[in-house]
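Student: I have a structure open and I'd like to learn how to read it. Can we go through it feature by feature?

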Amino acid sequence: MRAVALVLLMTACAATTSTPESPPPPAGECNSDAAGALVGREASADLGAEALRLSGARRLRWIRPGDVVTMDYSPQRLNVHLDAAGKVESLACG
């Protein structure tokens with residue numbers, strides 16, 4: 001009985017040699033250049049869906065003149081800057 005307990009204790013203290021898995025590459029990284037053709041078009045839900053599809057981004061943020069936005073950077077977010085008339089002025093990842 002003692003021998004079994006000793007073996008169990010020794011195996012519990014043994015060091016493991018497994019290496020941690022590396023994280024998968026980020027999915028949904030934004031490429032705003034791919035959606036550049038949308039500049040000048042009027043903002044709409046359809047345009048937002050197309051912007052996400054073209055850019056590969058996972059999230060979309062509409063930014064109108066005077067909007068307060070956070071300065072945090074997200075490689076999976078497409079920022080759509082609108083002019084006063086609600087048309088796409090520029091697109092940028094972040």
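Tutor: Let's begin with the idea of a nonpolar core: a set of buried Ala, Val, Leu, Ile, Met, Phe, Trp, Tyr and Cys residues joined through side-chain atoms within 4.5 Å. For that we need a cut-off, and buried here means under 20% relative accessible area. Keep in mind that this is a predicted model.

Student: Which residues make up the largest nonpolar core?

Tutor: There are 11 of them: C30, A35, L38, L47, A51, A57, L78, V80, L82, V88 and L91. Now look at where they come from. Helix α2 (45-55) and the strands β2 (77-82) and β3 (88-93) each give at least two residues to this core. β2 has the largest share, with three residues.

Student: How do I read the sheet, then? What is the order of the strands?

Tutor: Ask who sits beside whom. The order is β1-β2-β3, in an open sheet of three strands with mixed pairing. β1 (59-63) and β3 are at the edges with a single partner strand each, so one side of each has no neighbour in the sheet. From one strand to the next, the twist averages 20 degrees.

Student: How many bridges join β2 to β3?

Tutor: Five, and the two strands run antiparallel. Here's a pair to find on screen: L82 stands opposite V88 in β3. Both L82 and V88 are on the core list too.

Student: And where does α2 lie?

Tutor: Across β1, β2 and β3, and it runs at about 130 degrees to β1.

Student: Next, cysteines. How many disulfides does a search of the whole structure find?

Tutor: One. To spot a disulfide, look for a pair of cysteine sulfur atoms within 2.5 Å. Here C30 is joined to C93, with 2.0 Å from S to S. The link is left-handed, at -75 degrees about the S-S bond.

Student: Why does this pair tie together parts that are 63 residues apart in sequence?

Tutor: Because C30 lies in the loop between α1 (2-12) and α2, while C93 is in strand β3.

Student: Are the two cysteines buried or exposed?

Tutor: Go by relative accessibility. C30 counts as buried because its value is 15%. C93 has a relative accessible area of 23%, so C93 is partly exposed. Leaving aside residues up to four places away in sequence, C30 touches S55, A57, P75, Q76, R77, L78 and C93.

Student: Last one: charges. How many salt bridges are there?

Tutor: The idea is a side-chain nitrogen of Lys or Arg within 4 Å of a carboxyl oxygen of Asp or Glu. By this rule the count is three. E50 pairs with R41, with the closest N and O atoms 3.8 Å apart. E50 also pairs with R53, again with 3.8 Å between the closest N and O atoms. Both E50 and R53 are in helix α2, three residues apart, or about one turn of the helix.

Student: What is the remaining pair?

Tutor: R77 with D72, where the closest N and O atoms are 3.7 Å apart. R77 is buried, at a relative accessible area of 6%, whereas D72 is partly exposed at 42%. As for the others, salt bridges that share partners join R41, E50 and R53 into one network.

Key. Residues are numbered from 1 along each chain as its sequence is written. This is a predicted model: local features need pLDDT of at least 70, side-chain atom pairs count only at pLDDT 80 or more; totals for chains, interfaces and linings use all residues. Side-chain values use heavy atoms; hydrogens and water are left out. Buried means under 20% relative accessible area, exposed over 50%, partly exposed in between (1.4 Å probe, protein chains only). Helices (H or I, at least four residues) and strands (E, at least two) are DSSP runs, numbered from the N terminus. Contact means heavy atoms within 4.5 Å. Two strands pair if DSSP finds at least two bridges between them. Axes are lines fitted to C-alpha atoms, for helices over the stretch in contact, and angles run from 0 to 180 degrees between N-to-C directions.
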